[in-house]
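Please go through the predicted model below with its sequence at hand.

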Amino acid sequence: MKWPAPAKLNLFLYITGRRSDGYHNLQTLFQFLDYGDTLTIATNASGKISLLTPVVGVPEEENLMIRAARLLQKQALLRGTLPASAGATLAIDKRLPMGGGLGGGSSDAATVLVALNHQWQTGFTLQELAGWGLTLGADVPVFIEGVAAFAEGVGEKLTPVLPEEKWYLVVHPGVNISTPAVFKDPDLTRDTPAREIRELLGAVYRNDCEPVVRKRFREVEQLVSWLLEYAPSRLTGTGACVFAEFDTESAARQVFELAPKEWQSFVARGVNVSPLHRHLSELLK
């Protein structure tokens, strides 16, 4: 079976404090895109989890898809809802750039959890899957829950919201950005005052990571400066992708045609219900 693993955007991202464990408290707004990776998942009776399409530079034991499948397999075996012979073969058509701030790895892991829960008929709730998903990455729960959300904490405290579904031109400047390096930067803003959802949704959106990333990466600085000539634009997550927002697909595609070809770019619609959950709903009809 084929399953979508959609991208996400952080429409805004504010860092409100640093925690004693070294992580940061955030306020961010997640929205999905109707664009992403595609996973093909086949169940079998081998008892093993295998990946037919290894990701270059990522050892199998560290691959989030493998880790997610084994995590669900372990929990289902403990619950007694899965025979010991249950296995699966995974493959991925990777479209989302690694280290792009689009949540590709987290989305892939979430799709594996949701898909295998359906294909193995293990019967876990989305809340149970999200709890386990959090152990794989802070962004995994929002992909499992499948609804655009305002997030707090490290990103795990989710409140569903319905931001406007705009069109976006998303551009990757071809650099790899380390999230830990951004959060360790001494110039990073860490004391943005926490605000209520209503106030945040009515304010001009910003990303507290953007000034640091633009300072450290000339390519991102050039990209943001170029996109701002055409539309409101900002970094997603810790980058490296930058997105510009438009009211129509045609307006987004006009700027897409102007983008330098050395940049990887695409046009997508923002959606408040994840393509993964739309797909699952169709299967359950």
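**Cores, strands and pocket**

The largest nonpolar core has 42 residues, and those with the most contacts inside it are Ile41, Leu72, Leu90, Val112, Leu116, Trp120 and Ile144. A second, separate core of 31 residues includes Leu13, Phe183, Leu188 and Cys209. In soluble globular proteins, nonpolar side chains tend to be buried together.

Is threonine 111 buried or exposed? Threonine 111 has 0% relative accessibility and therefore counts as buried. Its contacts, beyond residues up to four places away in sequence, are Trp3, Pro4, Ala5, Leu39 and Leu276.

The phi of glutamine 121 is near 55 degrees, a positive value in a residue other than glycine. Glutamine 121 has a relative accessible area of 58%; the cut-off for exposed is over 50%, so this residue is exposed.

E1 and E2 form a hairpin with five residues between them, and glycine 22 in the turn has a positive phi of about 95 degrees. E1 is mostly covered, with 13 of its 17 residues buried.

Threonine 40 is found in E2. Its relative accessible area is 28%, which lies between the limits of 20% and 50%, so threonine 40 is partly exposed. Not counting residues up to four places away in sequence, threonine 40 touches Met1, Lys2, Thr89, Leu90 and Ala91. The pair of threonine 40 and alanine 91 is separated by 51 residues in sequence, while the C-alpha to C-alpha distance is 5.1 Å.

Strand E7 (residues 167-172) pairs with E9 in the antiparallel sense over five bridges, and the bridge partner of tryptophan 167 in E9 is phenylalanine 246. E7 also pairs with strand E10 (residues 264-271), again in the antiparallel sense, over six bridges. Here valine 171 stands opposite serine 265 in E10.

In a regular strand the side chains alternate between the two faces of the sheet. Which residues of E7 lie on each side? Trp167, Leu169 and Val171 are on one side and Tyr168, Val170 and His172 on the other, and all are buried. Six of the six residues of E7 are thus counted as buried.

Strand E9 (residues 242-246) is likewise mostly covered, with five of its five residues buried. Val242, Ala244 and Phe246 point one way from E9, while Phe243 and Glu245 point the other way. The charged residue Glu245 is among those counted as buried.

Strand E8 (residues 233-235) runs antiparallel to E9 and is joined to it by three bridges. Arginine 234 stands opposite phenylalanine 243 in E9. E8 and E9 form a hairpin with six residues between them, and glycine 237 in the turn has a positive phi of about 60 degrees. Alanine 240 is found in the loop between E8 and E9. The peptide bond from glycine 239 to alanine 240 is cis, with omega near 15 degrees.

The last topic is the largest pocket, which holds about 1500 Å³ of space. Its lining comprises 45 residues, and Ser106, Gly137, Ala138, Asp139 and Thr179 lie nearest its centre. By residue class, the lining divides into 20 nonpolar, 18 polar and seven charged residues.

Key:
Residues numbered from 1 in each chain as written. Predicted model: local features only at pLDDT ≥ 70, side-chain atom pairs only at ≥ 80, totals over all residues. Heavy atoms only, no water. 1 Å grid on protein atoms, 1.4 Å probe; cavity = no way out; pocket = protein on both sides within 12 Å on 5 of 7 lines; lining within 4 Å. Points joined across faces, edges and corners; volume = space filled by probe spheres on them. Buried < 20%, exposed > 50% of the residue type's maximum accessible area, 1.4 Å probe, protein only. Helix = DSSP H or I, 4+ residues; strand = E, 2+ residues; numbered from the N terminus. Pairing = 2+ DSSP bridges. Core = buried A, V, L, I, M, F, W, Y, C linked by side-chain atoms within 4.5 Å. Contact = heavy atoms within 4.5 Å.
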